[in-house]
Amino acid sequence: MNRRVVVTGLGICAPNGVGLANFYDSMLNGKSGIMFHQELADLGFGCQIAGKPEIQESLKESYFTALQLRGLNSSGIVYGVMAGTDAWMDAGLDKANKDQPDWDSGIIFGTGILGIDKLRESIYLIDDNNARRLGSNSVMQTMASGISAYLGGILGCGNQVTTNSSACATGTEGVIMGMERIRAGKAERMLVGSCNDSGPYIWGGFDAMRILPSNYNDNPQEASRPMSASASGFVPGSGAGAMVLESLASALGRGAKIYAEVLGGAINSGGQRGIGSMTAPNSEAVQRCILEALKDARVEKSEVDIINGHLTATSKDAEEIRNWSEALERSGKDFPFINATKGLLGHCLAASGSVECVASLLQYREGLFFGNRNCHDLHPEILELVDASRIPLKTISHKPGILAKASFGFGDVNACVIFNDYKEI
């Protein structure tokens with residue numbers, strides 16, 4: 001079987017907007033979610049800015065029971081449950097009844113590091129001989145699959161409920177995994193997405209690696225500069241994005257709205273060989289991933305209309321553009337439109353792929369292409385490959401065609417998914 005797969009629901013919990021309406025407004029108007037955090041300054045971080053969703057305590061009560069909220073200290077689970085539940089509701093789906101699971105619906109919701117604040121809290125209790133004070137929910141908050149377990153219980157999904165983890169490629173990889181399960185006839189619907197905790201225990205390692213910008217603490221919204229000649233490192237972020245993938249037959253059968261179709265995708269690794277390493281991509285693998293995704297989607301190189309890149313605001317941005325150009329055999333004004341969502345969000349780590357997929361898919365709904373912030377000084381190596389008109393600084397009116405979204409993660413792992421506006425055949 002090779003059934004068609006469509007997107008019928010979206011949910012988002014991002015640094016520049018919680019909920020689709022807020023997020024869309026920020027993306028449309030180029031509003032950044034990157035802020036100065038006194039906590040990071042007090043801890044002696046070089047980079048004292050980050051992208052972190054602002055969640056009111058009262059809002060959590062709409063998503064969690066009083067029992068679940070008791071001792072809840074995992075920001076990633078909060079973000080993921082909010083985004084995942086919103087996507088489910090946006091798709092017009094109901095929670096399964098209390099007596100019977102929904103056997104046709106499953107979840108693949110990924111994460112990088114989950115529950116680290118809860119883990120820290122638990123370690124102190126254990127070291128003080130107070131293990132019995134850990135509470136009944138410490139395990140659920142600190143296990144990697146805690147996010148899919150929480151969502152599985154809330155929604156009553158009876159199909160595969162699992163968590164993937166592939167660093168920055170996690171969210172995009174999850175879309176492909178969900179698509180493949182529906183294609184194969186093993187599920188009718190899959191809630192896919194990813195989340196990542198926020199805070200100094202997540203971001204500290206990157207600060208120690210000196211790959212975060214330390215010269216924008218007084219001007220945080222200008223700090224994340226993908227494709228810019230003055231880029232000085234990625235700004236750490238956090239959050240969650242979620243999508244409901246559904247077989248076309250199921251979506252049409254219940255009259256669901258359709259954001260876009262998932263045409264195909266590919267996942268691979270550069271094996272940390274050649275120029276590839278734990279932190280640097282193998283260019284051959286990146287290009288193979290793009291080409292394999294197009295092949296799986298049955299799309300020609302010339303048909304790609306827009307790209308949402310990984311583009312983290314590091315020295316690797318120019319290399320990524322070169323990989324796109326060589327893989328697609330396109331350059332100058334023939335290059336697709338490309339945007340880098342991280343200019344407004346920072347790098348949401350394991351959540352980045354899913355957050356950026358949600359942003360990309362909103363472009364279909366609204367008939368536009370989101371602009372790029374903080375890259376008015378495009379890197380000269382990028383300008384050698386791509387005409388500046390293909391990297392709009394402001395949001396433009398544009399009806400998207402074939403959209404390629406790629407994510408590249410630590411460990412030299414890659415994922416690329418291909419979307420298109422839904423068309424009847």
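This is a short chat about a predicted model of one protein chain.

Reader: Hey, what kind of model is this, and how are residues numbered?
Author: The model is predicted, so local features need pLDDT of at least 70 and side-chain atom pairs count only at pLDDT 80 or more, while totals for chains, interfaces and linings use all residues. Residues are numbered from 1 along each chain as its sequence is written, and side-chain values use heavy atoms, with hydrogens and water left out.

Reader: How many helices and strands does the protein chain have?
Author: The protein chain has 16 helices and 15 strands; these are DSSP runs (helices H or I, at least four residues; strands E, at least two), numbered from the N terminus.

Reader: OK, how do α12 and α13 pack?
Author: Helix α12 (residues 283-297) and helix α13 (residues 317-328) have axes 9 Å apart, at an angle of about 45 degrees. Axes are lines fitted to C-alpha atoms, for helices over the stretch in contact, and angles run from 0 to 180 degrees between N-to-C directions.

Reader: Which residues of α12 and α13 meet?
Author: From α12, S283, V286, Q287, I290, L291 and L294 meet E319, N323, W324, E326, A327 and L328 of α13, where contact means heavy atoms within 4.5 Å.

Reader: New topic: how much of the protein chain is buried?
Author: Buried residues are 60% of the 425 in the protein chain; buried means under 20% relative accessible area (1.4 Å probe, protein chains only).

Reader: And what box do the C-alpha atoms fill?
Author: Roughly 65 × 55 × 40 Å, taken along the principal axes.

Reader: What about contacts between residues at least 6 apart in sequence?
Author: In the protein chain, 80% of those join residues at least 24 apart.

How values were computed:
Buried means under 20% relative accessible area, exposed over 50%, partly exposed in between (1.4 Å probe, protein chains only).
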